[in-house]
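Here is my notebook on a new structure, kept for anyone meeting it alongside me. I looked things up one at a time and wrote down what came back.

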Amino acid sequence: QDTFQAPDYYNIDDILSEEHRMVRQAARDWVKRDVSPIIEDAAQKAEFPKSIISGLAGIGAFGPYIPEEYGGAGLDQISYGLIMQEIERGDSGVRSTASVQSSLVMFPIYAYGTEEQRQKFLPKLATGEFMGSFGLTEPDHGSNPSGMTTHFVDKGDHYLLNGAKMWISNSPFCDVAVVWAKNEEGRIHGLIVERGMEGFSTPETHNKWSLRASATGELIFQDVKVPKENLLPGKSGLGAPLSCLDSARYGIAWGAIGAAMDCYDTALRYSKERIQFGKPIAGFQLQQKKLAEMITEITKAQLLALRLGQLKNEGKATTAQISMAKRNNVDMAITIAREARQILGGMGITGEYSIMRHMMNLESVITYEGTHDIHLLITGLDITGISAFK
Ligand code: TGC
Ligand code: FAD
């Protein structure tokens, strides 16, 4: 990690502002100092390293674009992306924690919550004193969240919530969960469920081969009494959670570049040092093909993310544009991880290098926040006007 060289083949740094570069450097330094040395061990043990929470808050990873008056960092969308890139260069699971906290918990409270909810939750989420989770997926409803069965009924002075969410990042240790559930009319609303509410439990999901340094679990609601003031009043319908996903998917489009950069950088250095048949393996055409294609794909992904960031800053990025970038960049990263691992030969399968961990992590990243297939169908719908989902 000491010699990490961030590839910038097209001088993209020239387009970035001074603030962008400073934010990125701070995140990069922190990842190098506090994440890289411990993350392999955490992944091997399948433990989320809680010790990094304050550091994540310190680099502005919790609510990068949430206004400072609520404890956020008040940065633009490109800075947000660059922070996600640097974190995921360390580990996709750590980036997941930041994505969920920022875009799936702080964003809906900021965008759809009351002023009281913002004041109560956002500053503590920004410092990591509160950790959040986002419950959309259910055991029987993953790609098709509109079919969800988790529901609540109005009991006069409170809502009674029943149901279960599955595959929820941060669930085992979350203090608050933004949960999407249907009311008696079948309309989807967001509810803030707090740890300690009777009937609310968060069992952990074990035996994952992917995102092992991220804690994943369920959210189970058995007659949970949710105070009425915990309903997010600003938006209802499936569009409410989907708009949160837009923000998280955008961050993932940048984050995947970080994982790819780390794999490329590792493979390039290794290939120049590893001697076979009397010369560095970097001198063989087959290895150069792999490396040349990697830097080409990373460069294309960087340009896609940067332009998307500009559109986000202008409030013009569409859901379909975000889908294209999430899908392309994660697929780019997983392909690079697989190729980079081969360049390392047998060493590539060990924890001495980060590549195999990135590769396994990216199997989750290509599945969550909309699968690779679902994002293709979002593009298909956008260009044809015909939905192939149903
Ligand atoms: P559809 O009929 O298309 O839309 C329903 C309503 O929502 C509106 N809408 C949006 N609104 C805001 N933002 C968006 N991005 C929106 N997309 C759609 C739409 O206009 C409509 O509004 P209205 O007023 O007409 O009701 O919905 P559909 O049921 O056909 O589903 C479309 C589909 C398949 C694309 C969607 O369901 C989908 O994206 N599925 C994938 C599910 C997914 O991504 N789940 C992610 C769970 S969270 C997660 O994985 C976190 S991992 C985090 C980590 O650890 O980093
Ligand atoms: P399914 O929807 O059952 O899909 C299975 C396969 O069928 C996929 O290949 C899919 O592409 C394909 N498919 C489905 N529908 C169609 C169609 N119409 N056309 C063509 N192909 C189709 N969710 C949350 O709410 N919060 C979280 O914090 C969260 N964190 C996660 C963390 C991890 C580690 C993982 C693995 C998942 C997480 N998820 C979370 C859930 C994630 O969003 C879902 O796994 C994802 O949306 C896919 O749902 P599914 O697993 O039920 O797969």
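**Entry 1: α6 and α8**

I began with two helices, and found that the axes of α6 and α8 come within 8 Å and cross at roughly 20°. Axes here are lines fitted to C-alpha atoms, for helices over the stretch in contact, and angles run from 0 to 180 degrees between N-to-C directions. Helices (H or I, at least four residues) and strands (E, at least two) are DSSP runs, numbered from the N terminus. α6 and α8 are therefore roughly parallel to each other; angles under 35 degrees count as roughly parallel, over 145 as roughly antiparallel, 65 to 115 as roughly perpendicular and the rest as oblique.

I also noted that α6 passes α8 in a left-handed crossing. A crossing is left-handed if the near helix is turned anticlockwise from the far one by less than a right angle, and right-handed if clockwise. Their contact has 20 nonpolar, five polar and three charged residues. For these classes, Ala, Val, Leu, Ile, Met, Phe, Trp, Tyr, Cys and Pro count as nonpolar, Asp, Glu, Lys and Arg as charged, and the others, Gly among them, as polar.

**Entry 2: ground rules**

I am reading a predicted model, where local features need pLDDT of at least 70 and side-chain atom pairs count only at pLDDT 80 or more, while totals for chains, interfaces and linings use all residues. Residues are numbered from 1 along each chain as its sequence is written, and chains are lettered from A and ligands numbered from 1 in the order in which they are written.

**Entry 3: α6 and α9**

Next I took helix α6 (residues 239-273) with helix α9 (residues 355-365): their axes come within 10 Å and cross at roughly 155°. α6 and α9 are therefore roughly antiparallel to each other. On the α6 side, the contact includes Ile252, Ala256 and Cys263, and on the α9 side it includes Ile355, His358 and Leu362. Residues are in contact if their C-beta atoms, placed from the backbone, lie within 7 Å. By class I read seven nonpolar, two polar and one charged.

**Entry 4: α8 and α10**

Helix α8 (residues 319-343) packs with α10 at an angle of about 145°, the axes being 9 Å apart. The crossing of α8 with α10 is left-handed. Among the residues in this contact are Lys326, Arg327 and Asp331 of α8, and His372, His375 and Asp382 of α10. I read four nonpolar, five polar and four charged residues here.

**Entry 5: the two ligands**

Which residues come nearest to ligand 1? Of the 25 residues around ligand 1, they are Ser96, Ser169, Gly239, Tyr368 and Gly370. A residue is near a molecule if its C-beta atom, placed from the backbone, lies within 6 Å of it. The elements giving two or more residues to this shell are α4 (92-112), α6 and α10, and α6 gives the most, with six. The shell around ligand 1 has 12 nonpolar, 11 polar and two charged residues.

Around ligand 2 I found 21 residues, with Leu136, Gly142, Ser143, Thr371 and Asp373 coming nearest. β1 (132-135), β3 (158-169) and α10 (372-384) each give two or more residues to that shell. By class, the shell around ligand 2 holds 10 nonpolar, nine polar and two charged residues.

**Entry 6: the UniProt record**

Last, I checked the record, an unreviewed entry: UniProt lists "domain: Acyl-CoA oxidase/dehydrogenase middle" for residues 133-224. UniProt positions are given in the numbering used here, feature names are shortened, and annotations may be inferred rather than shown by experiment. I see 0% helix and 48% strand over residues 133-224.

Note on methods: Two residues are in contact if their C-beta atoms, placed from the backbone, lie within 7 Å.
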